[in-house]
Amino acid sequence: MEKEILEHGFNFNRRRFLSSMSLGLGSVALGSLLMPDLFKSGGADDSLAPGIPHFAPKAKRVIYLFQNGAPSQQELFDYKPKLREMFGQEIPPSVRGTQRLTGMTANQASFPLVGSFTNFQQYGQSRAWVSDLLPYTSKIVDDLCIIRSMYTEAINHDPALTFLQTGSQQGNRPSMGSWLSYGLGNENKNLPNFTVLLSRGVGNGQGVYSKLWSNGFLDSVHQGVQFSKGEDPVLYLRDPEGMDRKERRDMLDQISELNEISYKEFGDPEITTKVKQYEMAYRMQTAVPEVMDLSKESDDIIKLYGPDCLVPGTYAANCLLARKLSENGVRFVQLYHQGWDQHGNLPFEITKQAMDVDQASAALVTDLKQRGLLDETLVIWGGEFGRTSYTQGKLTPENYGRDHHPRCFTIWMAGGGIKPGIVYGETDELGYNIAKDPVHVHDFQATVLHQLGLNHEKLTFKHLGRRYRLTDISGKVVPGIIS
């Protein structure tokens with residue numbers, strides 16, 4: 001029985017559970033202990049019973065502040081004074097090695113080093129180095145675990161972004177949020193398990209695509225639900241014109257009856273999934289407007305996040321909305337902030353990007369902490385790869401750009417049982433290679449699942465004859481960052 005639960009991902013309804021066991025009193029007792037909601041009445045809601053973690057979780061939810069386009073670690077978190085000393089000098093072949101180049105720098109005859117245009121200082125008891133571009137983040141360093149030794153296998157945006165979100169460089173795989181929805185089930189039956197929020201900065205905006213929040217081969221009920229900044233935050237949620245709530249309820253009941261007939265005839269699980277989606281949309285009609293309402297937020301909260309938090313679609317507004325969604329039980333809230341792809345004009349563009357995200361990112365951590373929610377909420381900040389220590393294109397004392405760099409980059413994590421106030425991993429003195437404690441993308445994903453009580457090797461789904469998982473065939477939990 002335990003094996004079958006793990007293989008089917010905890011989305012066990014009453015019918016499947018009872019058909020998989022003998023119906024003796026011992027089985028009924030075991031069922032009530034393992035799944036308290038198992039024997040509740042209510043057809044379409046049976047499959048929404050909470051999942052069963054593999055072990056006691058340290059976090060209940062994730063808020064992922066994805067900085068799309070790859071922020072330059074040299075300008076934000078990875079202080080490298082040696083780069084300033086060697087301004088304009090060619091990167092040593094012993095450092096550069098045989099790493100392949102992107103098409104944007106492959107034809108460069110020279111690869112001159114360039115240090116950050118901005119200054120760094122040490123902050124907090126951790127004495128972490130943080131750029132002057134991030135004055136708000138510098139105030140919360142003792143709540144952060146800054147990982148300077150992330151690395152990936154992809155050198156271009158789309159495969160690197162897809163890899164971080166789904167564990168594969170190709171599309172059509174379930175995203176991290178979908179895996180968590182599949183593995184853990186709902187906390188709030190009136191809101192989706194997995195929501196997506198988009199914002200755009202001033203720089204070159206690499207696109208984001210719905211495949212990044214796809215359910216892949218999992219049931220479509222696990223797909224991320226995108227919230228927009230318009231009048232209707234979730235499209236097609238309103239009742240059709242001329243239809244009241246009772247008529248809507250009657251229509252859904254009749255559709256459910258027809259779908260039940262179809263399911264008995266064809267046995268396609270997507271039929272019952274559609275019923276769940278209809279029911280979720282019906283419940284969201286009340287829940288979503290309440291979550292989106294900022295009128296009850298205090299002046300102190302508005303001041304904490306900054307005035308942009310009242311402007312729908314901004315990064316600050318999405319951070320505040322992420323807190324509201326998370327505290328209302330949404331398992332995985334995914335933000336994408338575009339504009340970090342600074343191949344040129346980096347000093348100007350990264351300054352504006354940092355201003356976009358600094359205050360609101362720090363405010364989110366502070367807000368969760370003062371509400372007593374940070375311990376159970378894992379907050380992640382970072383992009384898909386790093387930036388080169390050498391310049392792309394023309395180098396002047398005032399201006400330069402940086403190309404893609406998969407060998408090392410920086411992210412930070414906070415809350416959810418992650419060690420606060422530490423810097424994990426190191427890069428070499430030129431910030432080009434990892435010198436200590438490397439963390440691969442699959443290691444990062446394994447650790448995120450671990451914090452939510454899931455063993456990344458056991459959270460699997462059989463598809464086309466193979467058992468798939470978020471971390472593919474590799475990945476290990478990083479004990480050095482766990483409290």
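**Aromatic pairs and buried elements**

In this predicted model, the count of aromatic pairs comes to 17.

Trainee: What kind of pair do Phe77 and Trp381 make?
Mentor: Their ring centres are 5.8 Å apart and the planes stand at 75°, so the pair is edge-to-face.

Trainee: Where do those two sit in the chain?
Mentor: Phe77 is in the loop between β1 and α4, and Trp381 is in strand β8, 304 residues apart.

Trainee: Is Phe77 buried or exposed?
Mentor: Phe77 is buried, at 3% relative accessibility. Trp381 is buried too, with a relative accessible area of 3%.

Trainee: Which residue is the bridge partner of Leu65 in β8?
Mentor: Trp381. Leu65 belongs to β1, and 6 bridges join β1 to β8, with the two strands running parallel.

Trainee: Which strand pairs with β1 over 7 bridges?
Mentor: That is β7, residues 332-338, also in the parallel sense. There, Val62 stands opposite Phe332.

Trainee: How many residues of β1 are buried?
Mentor: 8 of the 8, so β1 is largely enclosed by the rest of the structure. Arg61, Ile63, Leu65 and Gln67 are on one side, and Val62, Tyr64, Phe66 and Asn68 on the other.

Trainee: Why two sides?
Mentor: In a regular strand the side chains alternate between the two faces of the sheet.

Trainee: Switching to helix α7. How many of its residues are buried?
Mentor: 9 of its 9. Among them are Trp179 and Tyr182, which form an edge-to-face aromatic pair. They are 3 residues apart, about one helical turn.

Trainee: What follows α7?
Mentor: Gly185, whose phi is positive, near 75°.

Terms used:
Residues are numbered from 1 along each chain as its sequence is written. This is a predicted model: local features need pLDDT of at least 70, side-chain atom pairs count only at pLDDT 80 or more; totals for chains, interfaces and linings use all residues. Side-chain values use heavy atoms; hydrogens and water are left out. Buried means under 20% relative accessible area, exposed over 50%, partly exposed in between (1.4 Å probe, protein chains only). Helices (H or I, at least four residues) and strands (E, at least two) are DSSP runs, numbered from the N terminus. Two strands pair if DSSP finds at least two bridges between them. Rings of Phe, Tyr and Trp (its six-membered ring) pair if their centres lie within 6.5 Å; planes under 30 degrees apart count as stacked, over 60 as edge-to-face and the rest as tilted.
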